[in-house]
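Me: Hello! I'd be glad of a close look at one part of this protein, and of how that part sits among its neighbours.

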Amino acid sequence: MSTVARHDDDEPEARTARLRPAPPLPERRTPEMRAAARAGADDYFAPQPAPRAELPDPRPLLENLTRSVIEVIAGARDLTQLARWITADVHTVLLKRVILAERARRVRGVPGTVPVVSIGTVTVSEPRDGVVESVVIVHGRARSRAVAIRLEGLDGRWRATSVSVL
């Protein structure tokens, strides 16, 4: 007894399905259409602002970030350790300051050391929801300094978008 294998190709419906025309090609996308699609994707994947109600108390971060920034400038801490809490613009500004401080220490022949500082007054204001601007006073052995920090709530956590050591 022999069996004959049947193929779907033998069926008339299968033959007509094979002969159906291909679906129409999608319309050609203009550069403007591609740019608009990219802009929408960039907005979707960009850091999303967070309301103040979803963010923790900023004071501990302000104090720790201030102390860390002073240590980075003094050469006792690596700037990359702050990457989680600062934006790329702040990183660039601090990097320039670190390079200048390192050159000045090298000229004087002074190594980088851990500065002995104490945190003084922390003044915090909230100009709008999810944004904190503050001034932290830092007292050292030789002098006192003010550190101005702007924090913005991004992706559910605080990120420093501006840091200035005065």
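What relative accessible area does Arg77 have?

Reply: Happy to! This is a predicted model, in which local features need pLDDT of at least 70 and side-chain atom pairs count only at pLDDT 80 or more, while totals for chains, interfaces and linings use all residues. Residues are numbered from 1 along each chain as its sequence is written, and side-chain values use heavy atoms, with hydrogens and water left out.

Arg77 has a relative accessible area of 29%, so Arg77 is partly exposed. The cut-offs are under 20% for buried and over 50% for exposed, with partly exposed in between (1.4 Å probe, protein chains only). The partner of Arg77 in a salt bridge is Glu71, and their closest N and O atoms are 2.8 Å apart. A salt bridge here is a side-chain nitrogen of Lys or Arg within 4 Å of a carboxyl oxygen of Asp or Glu. Glu71 itself counts as buried, at 14% relative accessibility.

Now for the helix. The protein has four helices and four strands, in the order α-α-α-α-β-β-β-β along the sequence. These are DSSP runs numbered from the N terminus: helices are H or I with at least four residues, strands E with at least two. After α3 comes Gly75, with a positive phi near 85 degrees.

Glu71 is one of the buried residues of α3, which also include Leu61, Leu62, Leu65, Val69 and Ile70. Leaving aside residues up to four places away in sequence, Ser68 touches Arg77 and Leu82, where contact means heavy atoms within 4.5 Å. The cover over the buried residues of α3 includes α4 (88-108) and the strands β1 (118-128), β2 (131-139), β3 (144-154) and β4 (157-165).

How does α3 meet α4? The two helices pack at an angle of about 45 degrees, with their axes 8 Å apart. That makes α3 oblique to α4: angles under 35 degrees count as roughly parallel, over 145 as roughly antiparallel, 65 to 115 as roughly perpendicular, and the rest as oblique. The axes are lines fitted to C-alpha atoms over the stretch in contact, and angles run from 0 to 180 degrees between N-to-C directions. From α3, Val69, Val72, Ile73 and Ala74 meet Leu94, Arg97, Val98, Ala101 and Arg105 of α4. Those residues divide into seven nonpolar, no polar and two charged.

Glu133 and Arg150 pair at 2.4 Å, N to O. Glu133 is in β2 and Arg150 in β3, so this pair ties together parts 17 residues apart in sequence. Arg150 also meets Glu152 in a salt bridge, at 3.0 Å from N to O, and shared partners join Glu133, Arg150 and Glu152 into one network.

Conventions: Nonpolar A, V, L, I, M, F, W, Y, C, P; charged D, E, K, R; others polar.
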